[in-house]
Amino acid sequence: MFLVSGPTEAKTAGSSTASGLLFMLGFLGFDGLTSVVEEKLFKEYQTSKWNQILYVNALSAVTSTCGLVSMGGLFPSLAFAAEHPAFVTDASMLSASAVAGQYFIYSQIREFGALIFALTMNIRQVVSICLSYTTYNHSITPMQMVGIFMIFGALFGKSYASLTKPSKKDEEKKP
């Protein structure tokens, strides 16, 4: 609703709103599925945060390497890294920051569940959108504001209901 109720045309030639929306839908689908699967791994298989970080990053490294090999970019990428040591330092710092972020994400999912994590991420996204509109002096349409409030309201309501609902252990204790 947010994307289709306001201006979406890019200022550069060759861009496509349709393909952008398709990528956005794919991202949202996989992003929504990820934290639920991670929560299930924590609850049903008792995995640790460190195991999940290891396997996610190993799979990511294998996927990236396969992509570079298939496009013939592995050796040029390694040559670039060898010629630009500052790039390796920056990429290493970025990777360390990503692992630290993953640690906090997995900690939140393990302690509070996927729903609270989704709420946290949506708050971050709403704040990011609002800051972006303010920083770059973009206008926001009334329908886009309605979309933001609908999504945020639904997530907040679902999170509140989840937090106030008695747990199974509490219900078993009642006579």
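The largest nonpolar core in this predicted model has five residues: F42, I53, Y106, I109 and F117. A nonpolar core here is a set of buried Ala, Val, Leu, Ile, Met, Phe, Trp, Tyr and Cys residues joined through side-chain atoms within 4.5 Å. Buried means under 20% relative accessible area, exposed means over 50%, and partly exposed is whatever falls in between, with a 1.4 Å probe and protein chains only.

A quick word on ground rules: the model is predicted, so local features need pLDDT of at least 70 and side-chain atom pairs count only at pLDDT 80 or more, while totals for chains, interfaces and linings use all residues. Residues are numbered from 1 along each chain as its sequence is written, and side-chain values use heavy atoms, with hydrogens and water left out.

**The overall layout**

The protein chain has seven helices and zero strands, and reading along the sequence gives α-α-α-α-α-α-α. Helices (H or I, at least four residues) and strands (E, at least two) are DSSP runs, numbered from the N terminus. Of the chain's 175 residues, 17% count as buried. Take the contacts between residues at least 6 apart in sequence: 67% of them join residues at least 24 apart. Contact means heavy atoms within 4.5 Å.

**Around the core**

Back to F117, one of the five core residues. Leaving aside neighbours within four places in sequence, F117 is in contact with S35, I105, Q108 and I109. Q52 sits in helix α2 and is buried, at a relative accessible area of 6%. Apart from neighbours within four places in sequence, Q52 touches E38, L41, F42, T47 and Y106. Of those partners, F42 and Y106 also belong to the largest nonpolar core.

S107 is in α4, which runs over residues 85–112, and S107 is buried at 14% relative accessible area.

| Side chain | Partner side chain | Distance |
|---|---|---|
| S107 | K49 | 3.1 Å |
| Y103 | K49 | 3.5 Å |

Y103 and K49 are 54 residues apart in sequence, yet their C-alpha atoms are 6.8 Å apart in space. Not counting residues up to four places away in sequence, Y103 touches K49, W50 and I53. I53 is also a member of the nonpolar core.

**Where α3 meets α4**

The axes of α3 (residues 74–83) and α4 come within 5 Å and cross at roughly 100 degrees. That makes α3 roughly perpendicular to α4. Axes are lines fitted to C-alpha atoms, for helices over the stretch in contact, with angles running from 0 to 180 degrees between N-to-C directions. Under 35 degrees counts as roughly parallel, over 145 as roughly antiparallel, 65 to 115 as roughly perpendicular, and the rest as oblique. On the α3 side the contact is made by F80, A81, A82 and E83, and on the α4 side by P85, F87 and V88. By class, that comes to six nonpolar, no polar and one charged residues. Ala, Val, Leu, Ile, Met, Phe, Trp, Tyr, Cys and Pro count as nonpolar, Asp, Glu, Lys and Arg as charged, and the others, Gly among them, as polar.

**Two loop residues with positive phi**

Most residues other than glycine have a negative phi. Q46 has a positive one, near 55 degrees; Q46 lies in the loop between α1 (17–45) and α2 (49–70) and is exposed at 55% relative accessibility. N137 also has a positive phi, near 55 degrees. N137 is in the loop between α5 (114–135) and α6 (142–164), and counts as exposed at 69% relative accessibility.

Methods: A polar contact is a pair of N or O atoms within 3.5 Å; within protein, one must be able to donate a hydrogen and the other to accept it, and residues adjacent in sequence count only if both atoms are side-chain atoms.
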